[in-house]
Amino acid sequence: MEFIHVLVNNQNYLLNGENIKEVLKYPTIKPLVDTPKYIEGIISHKDKIIPIITIRKLLGFASFKEQQVKLFKKVEKQHINWVSDFENTLQNNTTFHKTLDPHKCELGMWIDEMIRCMRCGHEGFTDIIKNEVMPHHNALHHDGAKILENLSPELRASQLEIIEKHKSNTIRGLSILEQEIDRLSSVVEQLVIYDIDGIDVGFIVDGVAQLHSLEEKTFNLGNEPLSKSNQFVQFIDHYEIKDELLFSMKFTRAVTELVEQWREKEIA
């Protein structure tokens, strides 16, 4: 059986390949008034009007944009605290416990992930990271390490000024990233056109990895939901591929009902 491997909130899922009609880049979605909950809006594709649903929301996760903005705020606070602890070390000669490796803090790991993501090179988003965030963030950690190796009371004021400048530039870069959050979504997220009972539906995912040909295992054609808290998705089975755990999933009747509600409003 053919499955397509999709990424949602850093987790791996498999969708039945027989229902997949097409995979597209993130589209421009037209929002609609009074649409059923979970339907983001519509797109026009190949002379069809297609409703758009975000799988993150069906699974109860925050949207990709919301998650990234929350991350930016979190790492901004982390680096303010980093500098505060660094200043305390210089002034009071205490031990500095936070990481001096720019690749091991949460922001550094996010930057590395984005740089490795080939799709993120489109639309110039990688350039924003490389020009507006990465050099200042790296300098903050690298210069911090050098200063700690050569502590000098006479140079303390100038050393603190250097660190404060790197922090300010890093935070300014994070602000630029937040302003460009729509561009980030457009290069990271993708759209899977999926056939649900003869109706084309667009499901937004964080990314599409590849197609897998796998044993069908215990694929259940029933419509029982995963749990009372998630009426839209049923997890069928799990597969381990290259040390990654992937869960096959199907959409329940509740998703079909969402689409039918939308279709009734569209026709009306």
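Predicted model: local features only at pLDDT ≥ 70, side-chain atom pairs only at ≥ 80, totals over all residues.

Below are my entries, in the order I looked things up.

I began with an open sheet of five strands, which runs in the order β3-β6-β7-β5-β4 with mixed pairing. At its edges I found β3 (20-25) and β4, and each has a single partner strand, so one side of each lacks a neighbour in the sheet. From one strand to the next, the twist averages 30 degrees. I then followed β6 and β7, which run antiparallel and are joined by seven bridges. One pair I noted down was D195 with its bridge partner D200 in β7.

Next I traced another open sheet of five strands, in the order β8-β1-β2-β10-β9, and its pairing is mixed. Here β8 (207-213) and β9 (233-241) are the edge strands; each pairs with a single strand, so one side of each is left without a neighbour in the sheet. The twist in this sheet averages 30 degrees from one strand to the next. I counted eight bridges between β9 and β10, which pair in the antiparallel sense. Among the residues there, E240 has L245 in β10 as its bridge partner.

**Entry two: the cores.** Which residues touch the most other members of the largest nonpolar core? In this core of 28 residues, they are V6, L15, I53, I55, F203, F251 and V255. Elements giving two or more residues to this core include β1 (2-8), β2 (11-16), β7 (199-205) and β10 (244-251). The largest share comes from α7, with five residues. I also found a second, separate core of 19 residues, with V75, C105, I111 and V133 among its members.

I went back to F251 to list its contacts. Leaving aside neighbours within four places in sequence, F251 touches L15, I55, L58, Y194, F203, F232 and V233.

I looked at α3 (residues 106-116) and found L107, G108, W110, I111, D112 and M114 buried. What do the buried residues of α3 pack against? They pack against α2 (64-92), α4 (125-149), α5 (156-179) and α6 (181-188).

Last, I checked how α2 and α5 meet. Their packing angle is about 180 degrees, and their axes are 10 Å apart. Angles over 145 degrees count as roughly antiparallel, and α2 and α5 are therefore roughly antiparallel to each other. By class, the contact of α2 with α5 has 13 nonpolar, three polar and seven charged residues.

Conventions: Residues numbered from 1 in each chain as written. Heavy atoms only, no water. Buried < 20%, exposed > 50% of the residue type's maximum accessible area, 1.4 Å probe, protein only. Helix = DSSP H or I, 4+ residues; strand = E, 2+ residues; numbered from the N terminus. Contact = heavy atoms within 4.5 Å. Axes fitted to C-alpha atoms, helices over the stretch in contact; angles between N-to-C directions. Parallel < 35°, antiparallel > 145°, perpendicular 65-115°, else oblique. Nonpolar A, V, L, I, M, F, W, Y, C, P; charged D, E, K, R; others polar. Core = buried A, V, L, I, M, F, W, Y, C linked by side-chain atoms within 4.5 Å. Pairing = 2+ DSSP bridges.
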